[in-house]
Amino acid sequence: MKPNPFDVDVVIVGAGFAGLTVATALRREGVSVVVLETRDRVGGKVEAQLDARGRLVDTGAQFVNDEMTEVLALAAQVGAKRVNAVHPGRASTVPNPSEGDPWAEAETLLATLGADHLDDERTVTEWVAGLAVDGIHVSNAARDAVRSAVNGGTCSDSNLIPISYLAQLNERTPSNAEELQSWFPATLHSLSDQLAAPLADALRLGCPVRAIHLHDSSVDVVALDQVWHAREVVVAAPPTTYATLGFTPPLPDDIVDAASAFAPGTVVKYLLRFERAFWLDHGRNGIGQFLGPPGVYFADASLPDVATLVGFVGGTTAVEWTRHSEEQRREAIVHHASVVFGEEALQPLSVVERVWAPDEWGGGGYSNVQVAHAPHAADALAFGLPLVTFASTELATRFPGYVEGAIVAGHAAAAQVLLRLSHA
């Protein structure tokens, strides 16, 4: 019998939810894998830190809803319980509009983006300006709400985001449940740890990939001081990382062009703990949303014994905040909380901050987002190449940009690899 010439069947680059899902699915079918992760932990843009009380809290992705069936199935497997984050009452807006509901108006406008807009090359800003030409009245407050919602949701700039991208997100993201419906007290990140546990023998942390050599029927993946010889490689990382992986021969132009349509955004997340959830007083539901500065948003993330506000600062405002010191940013987020919820917000018991800014490994924002009109980019990347499969939440056919999307993309990539291996 000839010895097996391969170190493993498949090398997986990235140990976020997409990479871990691919590895789990392939191992289930008897395919040998190694998972190479540059960070010292699993989870990608889902992570946890200890707060002032020594309790783990999600400093990356956190919230789920009833339509995120893949995440909920994983949670059910490990017995993770959810806490409801939706409260009755009204949201608070700053500045307080004199009439109407600019957020409802903005939500209605953004919801109209669908299949008819996939070939529209205008940016969000250009599209909103064009609505008046089409005879659609949009109040100034609603314009601000659109800008703030897009900046916060994409962690980028509405002046750059094409409406074709938002149209695709609308087509692929179910919207019958509140986006920030619930969360896991044990942390969403704990689910990635649970997913990774059976893969411990195949997982290499702190192991950045610096070169991927493609041959006729095999790949060599160079990481640290080791070369992994394999049948295939799965790149389970955001599109903006592809250029750092040292592909030889270089990736074809269509893949490079598709990946270049994406960029990482900037978001700063805060968890502010207080003595009591005073933001629920006077018929309020704990949501605080800012028309300006754009991309600032608060919501309730409390446990019965821990009153907590979660705050997000996204897009252009987040970029501006990162130019200041951590202490200045802390003062700013506490000030904004007090503007929307009152003076009690000026005395938090603790503040946890996580800055997600662009870096070499695809950090920043909740995911890469499209800043160029390229309606077929995600599908082109998901189709992949011989020997190379791409898998990340950006490429998901359902819930792109969320943990749910990462798992969906991981399942799709695993199926693609299995099909090719079966024909080899």
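## Spaces and cores in a predicted model

About 200 Å³ of space lies in the largest cavity. Keep in mind as you look around that this is a predicted model. Of the 19 residues lining that cavity, D51, V57, W183, A301 and T308 come closest to its centre. Sorted by class, the lining of the largest cavity has 11 nonpolar, four polar and four charged residues.

Let's stay with T308 for a moment. You'll find T308 in strand β18, which covers residues 307–314. Is T308 buried or exposed? T308 counts as buried because its relative accessibility is 9%, and the cut-off for buried is under 20%. Setting aside residues up to four places away in sequence, T308 touches L271, L272, R273, W279, A299, D300, A301 and S302. One of these, A301, is also among the residues closest to the centre of the largest cavity.

The structure holds two cavities of 30 Å³ or more.

Around it sit T21, T24, A25, R28, E70, A73, L74, Q77, L195, I407 and H411. Helices α1, α2 and α12 are the elements that give two or more residues to this lining, which divides into five nonpolar, four polar and two charged residues.

Here are these spaces side by side:

| Space | Volume | Lining by class |
|---|---|---|
| Largest cavity | about 200 Å³ | 11 nonpolar, four polar, four charged |

Now for the packed parts. The largest nonpolar core has 38 residues, and I12, F17, L26 and V71 touch the most other members. Elements giving two or more residues to this core are β1 (8–13), α1 (17–28), β2 (33–36), α2 (69–78), α7 (189–196) and α12 (403–423). Which element gives the most? That's α1, with seven residues.

Leaving out its neighbours within four places in sequence, F17 is in contact with G43, V46, L74, L188, L191, S192, L195, V403, A406 and I407. Among them, L74, L195 and I407 also line the second largest pocket. There's a second, separate core too: it has 35 residues, including V34, A374, F390 and L395.

Last stop, some strands. How do β10 and β11 pair? Strand β10 (residues 209–214) and strand β11 (residues 219–223) run in the antiparallel sense and pair over five bridges. A211 has V222 as its bridge partner in β11, and a hairpin of four residues links β10 to β11. Strand β10 also pairs with β13 (residues 247–248), this time in the parallel sense and over two bridges. There, H213 has T248 as its bridge partner in β13.

Methods: Residues numbered from 1 in each chain as written. Predicted model: local features only at pLDDT ≥ 70, side-chain atom pairs only at ≥ 80, totals over all residues. Heavy atoms only, no water. 1 Å grid on protein atoms, 1.4 Å probe; cavity = no way out; pocket = protein on both sides within 12 Å on 5 of 7 lines; lining within 4 Å. Points joined across faces, edges and corners; volume = space filled by probe spheres on them. Nonpolar A, V, L, I, M, F, W, Y, C, P; charged D, E, K, R; others polar. Core = buried A, V, L, I, M, F, W, Y, C linked by side-chain atoms within 4.5 Å. Buried < 20%, exposed > 50% of the residue type's maximum accessible area, 1.4 Å probe, protein only. Contact = heavy atoms within 4.5 Å. Pairing = 2+ DSSP bridges.
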